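Here is a guided walk through the charged side chains of one protein model. Please keep the sequence and the structure in view.

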Amino acid sequence: MSNAELIGKTKEYVKELLAGENTGHDYTHTLRVYETACLLARQEAADMTTVALAALLHDVDDRKISEETSAGLERASVFLEKNGCSREETGRILTIIREVSFAGKDSVRPSTVEGMCVQDADRLDALGAVGIARAFAYGGRHGRAIYDPDEVPDPELDRERYYQSRSSSIGHFYEKLLLLEGLMNTETAKTVARRRTAFMEEYLKEFFAENAGEDIKTAACKKGREQEDL
Ligand code: ADP
Ligand code: NI
């Protein structure tokens, strides 16, 4: 099988596997990560096939989707071996997948440039308008509050405490999303992360203003003054 055929077959496999997924890890997420990772790979002169396959398979064994295969990355490794990928190439891809996930203070900087491209692509998809949508989709599916005014988010969680966190979706911005910009590997991803993070900061400002009724109070005061002036 040619590399292009293997990539096509992998897309079909992942599309089928993730059908009906509704925690923000659906096939459109995988496709965006794949497209972004390939763009970054071209810029970084990384191996395109390794990046493409790792990006496409990066979530199939994620503990959020498949707890039972997450430790051994069984779905990815069985698929690659069954489709003629060499042991060395399979090993490289599994290492990238193992290093990709955010884990609070214990997040890993990938050991290869291919891994850096995939990790940046996955993290960019947690940011911006798409990232906001994914955070609330995930939070809703996992019974998290949208916002808890009594919560004090901790941006310094280690892996264990990050995995156990039951924070609200707004809290998740402070435990993960706003930290990602500082963890990007490639220059292109840093630039895009800045723009997407600025958009999320603007969104949070608006969220808290609405939550405190600031725009309503401003409008009501203005109306009151207008009536006094009559
Ligand atoms: P990672 O492997 O680095 O966690 P994923 O591609 O699996 O990356 O993406 C995780 C997605 O799930 C992100 O979009 C993130 O916002 C969302 N998510 C994870 N934990 C929470 C949470 N506690 N509350 C809201 N969203 C969450
Ligand atoms: Ni992902």
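A salt bridge is a side-chain nitrogen of Lys or Arg within 4 Å of a carboxyl oxygen of Asp or Glu. This is a predicted model, in which local features need pLDDT of at least 70 and side-chain atom pairs count only at pLDDT 80 or more, while totals for chains, interfaces and linings use all residues. Residues are numbered from 1 along each chain as its sequence is written, chains are lettered from A and ligands numbered from 1 in the order written, and side-chain values use heavy atoms, without hydrogens and water.

The whole structure holds eleven salt bridges. One of them joins glutamate 181 to arginine 194, with the closest N and O atoms 2.6 Å apart. Glutamate 181 sits in the loop between α10 (169-175) and α11, and arginine 194 in helix α11, so the pair ties together parts 13 residues apart in sequence. Helices here are DSSP runs (H or I, at least four residues), numbered from the N terminus.

Now stay on α11. Glutamate 187 and lysine 190 meet in a salt bridge at 3.2 Å, N to O. They are three residues apart in this helix, so about one helical turn separates them. Glutamate 187 counts as exposed because its relative accessibility is 55%; lysine 190, at 34%, is partly exposed. The cut-offs are under 20% relative accessible area for buried, over 50% for exposed, and partly exposed in between (1.4 Å probe, protein chains only).

Move on to α12. Lysine 222 pairs with glutamate 226 in a salt bridge, their closest N and O atoms 3.9 Å apart. Both lie in helix α12, four residues apart, about one turn.

Elsewhere, Arg32, Asp125 and Arg134 are linked in a salt-bridge network.

Technical notes:
Helices (H or I, at least four residues) and strands (E, at least two) are DSSP runs, numbered from the N terminus.
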